[in-house]
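Me: I would like to go through this model step by step. Can you take my questions one at a time?

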Amino acid sequence: MNFKKIFAVLLAAVLCMSLFACNPVTPTEKETEKQTEAPTEKQTDATTEEELEDVTLRMAWWGSQNRHDRTIAVIELYESIHPNIHIEYEFYDFNGYFDKLATLVAANDVWDIFQMGSNFPTYASKIEYLNKYIEDGTIDVSGTSEAFLRICADAEGNQAGLCSGINTYGIAYDPAIFAECGIAEPTENWTWEEFEAACLKIHEVKGIYGFSKFDDWQAGCRLLIGQTAGNDFYKLDNSGLGFDDYKLLVPFIQMRIDLVEAGAYPDEGALNEISDIENDFLVTGEAAMTWVASNQFKALAEAAGRELKLINPPKLTADGPAGISVQSSQMLCVSSDSENPAEAAKFIAYFQSDITANLILAAERGIPTFYAVRDALQPTLDSNTRKVYDYVDLVGNLPTGGDRINPIDPACTDENKNQYLYLIAKAVAGDMTADECAKEFYDFAASREY
Amino acid sequence: MSKENIKTLNRKKSGQSGWSRFINNNNTVGYTFLAPFIIGFFAFTLIPMGTSLFYSFTNFNMIDKMDFVGFQNYIDLFNDERFTNSLWVTVQYVFLSVPLKLAFALLIAFVLTRPSKLVSFYRSLYYLPSLIGGSVAVALVWKQIFARKGLINMNLIAMGLDTVNWFGNGDIAKWPIILMTVWQFGSSMLIFAAGLKEIPGTYYEAAKIDGANGWQMFFRITLPCLSPIILFNLVMQLISSFMVFTQAYVITSGGPNDATMYYALYVYKVGINERRMGYASAMSWVMLIIMGLATFLVFKTSKHWVFDESAES
């Protein structure tokens with residue numbers, strides 16, 4: 001008996017197995033195929049049908065279950081009206097979406113229609129600008145305003161996409177818990193000190209978290225710096241950081257450290273249990289407040305099933321700038337890899353401006369930018385959506401400290417964001433002080449390529 | 001028969017045409033059966049490896065940037081504290097999980113060599129976790145089991161004990177992940193079981209006659225005879241442990257405070273998430289070197305502890 005022979009056979013077996021282990025088709029892709037293959041109702045409007053050739057478009061977006069359901073319904077509606085168009089769709093959570101997009105960009109195989117946020121300049125080489133489709137009438141923009149078009153365009157006027165809706169950030173809270181703990185409900189002029197005190201009090205009285213989960217990057221960097229006089233996180237032209245003193249970053253980091261230590265804010269392990277807006281701790285009743293993009297408030301409140309309210313984030317000083325502004329929540333873009341960009345543009349125009357479609361979408365991506373859609377939605381608004389409308393109006397009227405809003409992020413934003421999250425975790429773990437954390441992050445961000 | 005005649009005869013046998021000679025040729029048959037592997041090897045292993053080696057000398061960002069930067073990526077690695085940390089936690093993970101897994105696999109395999117009708121049933125049962133082990137679904141289940149209000153903590157409360165903050169504490173977070181790896185001992189166990197069967201029963205009989213007890217037989221006969229199999233399992237597990245990804249990605253996302261930010265996960269984060277593909281490629285090549293070194297060391301030391309029967313006799 002020779003063990004060397006056995007050894008060789010085993011090695012060969014492992015080689016074979018490792019080959020089979022490489023299966024490029026993931027189950028979700030299979031599922032999506034199945035879903036898209038489901039028969040759509042064919043309308044027998046035979047006049048145009050026969051001449052049109054079949055077109056398959058691929059589309060992807062990120063979001064919550066609520067958004068997935070609504071978007072799929074609109075896609076199916078569109079396919080039933082245009083039987084020659086087939087749309088294969090994929091949906092992801094936010095991080096998964098951009099991971100997938102990165103690989104598709106490298107493979108020159110980006111979805112025909114894809115969702116984008118303020119980081120669109122990073123992907124500019126993959127975006128088919130819509131200007132020519134607007135000029136030739138494929139996309140009718142008469143129903144919206146110049147200003148709403150501009151929030152989805154770069155500085156040179158290249159129309160990157162059509163806005164899916166406008167939104168802003170805010171804090172959703174449970175008024176019943178505030179009442180129970182004997183804390184006054186927040187007003188639009190509340191401060192970070194009041195916020196921290198409320199968190200601690202709620203934890204003390206109820207034993208739950210005061211706050212569920214910040215978007216640390218948005219709150220601790222973009223918002224906080226915007227609240228300091230005359231500063232912005234990036235310069236208006238994205239040529240570098242828009243502030244000089246790293247100490248401006250310290251208060252938020254310090255607050256995060258203190259709140260976790262007190263048990264009023266979830267630690268990293270608990271935060272990791274929140275996978276989606278639908279199982280946010282505010283929804284499950286384990287927290288009294290959470291950070292939310294206004295367009296997601298409806299999904300949040302519906303998941304919670306009890307009354308929630310929406311208020312702007314705390315300020316540095318009661319009479320200081322709010323640091324937030326109304327923005328394009330996201331847009332739909334056409335990819336430059338697309339073989340049918342005109343058809344993709346047509347779908348986008350339909351998606352953003354058709355009234356029937358938007359009654360299904362129900363402003364879940366933000367307040368629509370086409371006026372006819374807005375008017376049509378008005379009578380259908382439920383109390384949660386009305387709160388969002390009121391809130392966006394409120395933010396639109398808050399003092400921003402001057403007209404210095406930059407809707408576009410530089411390409412190094414993802415790196416900065418990852419570094420910030422990494423350092424804040426270190427600070428919370430006690431490996432560094434808030435001051436060291438802020439200093440190290442500032443030096444990192446300042447040394448990036450802009 | 002003349003040579004000419006033999007040739008014509010052969011041509012007749014093989015159907016006379018060039019095509020059928022080609023199709024019946026041993027080499028053609030061989031390469032045809034090899035083709036799936038060779039194509040897969042080139043498309044999914046060799047070519048990607050080549051491109052990643054090329055990328056590792058560039059600042060490729062997957063979108064529009066690709067300049068040659070020489071060894072800059074490799075130099076930057078040594079100034080990256082997250083990289084050093086990921087290397088450290090991965091080595092820690094390998095050193096904890098591999099011996100535990102192998103010991104467990106050997107123990108179960110040893111127990112299951114007893115002549116009993118239920119042995120094959122039990123063997124299948126213990127192999128089950130390995131079948132489903134690497135999947136995302138099991139990782140999600142694991143995440144729930146160890147959650148703040150998961151199965152384990154609920155039982156701890158029921159027993160009147162304090163709950164454990166499994167994924168919130170950097171010192172503890174690695175244990176559920178190691179446990180999950182150890183739990184998937186099935187394939188090592190099967191290989192051990194096969195090896196155990198190969199040990200001749202006469203050795204044990206002779207030992208028994210000489211008055212050896214169970215422990216002595218295990219350490220003097222079983223372990224030495226099994227050492228080539230142990231070497232094989234050790235090398236395979238070493239390599240797969242260095243590449244730990246799914247569990248950490250799904251369960252902890254690398255947290256808390258990078259306590260489970262394993263090497264492959266960090267490569268993914270940098271490469272896909274931050275789109276610094278050049279840097280991530282450099283990291284992958286460093287990993288290849290590290291894994292190669294580890295394997296080399298194991299082979300080098302194996303001379304001293306692997307018992308080769310054919311060499312002895």
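Reply: Start with a definition: helices (H or I, at least four residues) and strands (E, at least two) are DSSP runs, numbered from the N terminus. Keep in mind that the model is predicted.

Me: What is phi of M62(B) near?

Reply: M62(B) is a residue other than glycine, and its phi is positive. The value is near 75°.

Me: Which peptide bond is cis, and where is its proline placed?

Reply: The bond runs from G255(B) to P256(B). Its omega is near -10°. P256(B) sits in the loop between α13 (246–251) and α14 of chain B.

Me: How much area do domain 1 and domain 2 of chain A bury between them?

Reply: Look at the contacts to begin with: 18 residues of domain 1 of chain A touch 14 residues of domain 2 of chain A. Carbon and sulfur atoms carry 47% of the buried area. The total is about 1100 Å².

Me: Which cavity lies between domain 1 and domain 2 of chain A, and why?

Reply: Check who lines it. Residues such as S294(A), N295(A), A363(A) and E364(A) are among the lining of the second largest cavity. Both domains of chain A give residues to that lining, so the one between them is the second largest cavity.

Me: Which helix gives the largest share of that lining, the lining of the second largest cavity?

Reply: The second largest cavity has a volume of about 60 Å³. Its lining residues divide into four nonpolar, four polar and two charged. The largest share is three residues, and they come from helix α18 (residues 383–397) of chain A.

Me: How many cavities of 30 Å³ or more does the whole structure have, and how much space lies in the largest?

Reply: The search finds three such cavities. The largest cavity is lined by 14 residues, with S164(A), Q352(A), N358(A), L361(A) and R365(A) nearest its centre. They split into six nonpolar, six polar and two charged. The space inside is about 110 Å³.

Me: Which element supplies the largest share of the lining of the largest cavity?

Reply: Three elements of chain A each supply at least two residues: β5 (162–167), α15 (341–353) and α16 (355–361). The largest share is three residues. It comes from β5(A).

Me: How much area do chain A and chain B bury between them?

Reply: Count the contacts: 38 residues of chain A meet 43 residues of chain B. Of the buried area, 56% is on carbon and sulfur atoms. The total is about 3700 Å².

Me: How many salt bridges join chain A and chain B?

Reply: Here is one pair: the side chains of R275(B) and D414(A) form a salt bridge at 2.8 Å, N to O. Over all chains, the structure holds 24. Between chain A and chain B the count is six.

Me: How many residues apart in sequence are the parts tied together by R256(A) and D216(A)?

Reply: The side chains of R256(A) and D216(A) meet in a salt bridge, 2.9 Å from N to O. R256(A) lies in helix α11 (residues 250–262) and D216(A) in helix α10 (residues 216–227), both of chain A, so the pair ties together parts that are apart in sequence by 40 residues.

Me: What volume does the second largest pocket have?

Reply: Its lining has 36 residues, and nearest the centre are E415(A), F444(A), R448(A), E274(B) and R276(B). Helices including α19 (413–428) of chain A and α5 (81–111) of chain B each give at least two residues. The lining divides into 13 nonpolar, 10 polar and 13 charged. The volume is about 1000 Å³.

Definitions and conventions
Residues numbered from 1 in each chain as written. Chains lettered and ligands numbered in written order. Predicted model: local features only at pLDDT ≥ 70, side-chain atom pairs only at ≥ 80, totals over all residues. Heavy atoms only, no water. 1 Å grid on protein atoms, 1.4 Å probe; cavity = no way out; pocket = protein on both sides within 12 Å on 5 of 7 lines; lining within 4 Å. Points joined across faces, edges and corners; volume = space filled by probe spheres on them. Nonpolar A, V, L, I, M, F, W, Y, C, P; charged D, E, K, R; others polar. Contact = heavy atoms within 4.5 Å. Buried area = accessible area lost by both parts, 1.4 Å probe. Salt bridge = Lys/Arg side-chain N within 4 Å of Asp/Glu carboxyl O. Domains from an automatic or database assignment.
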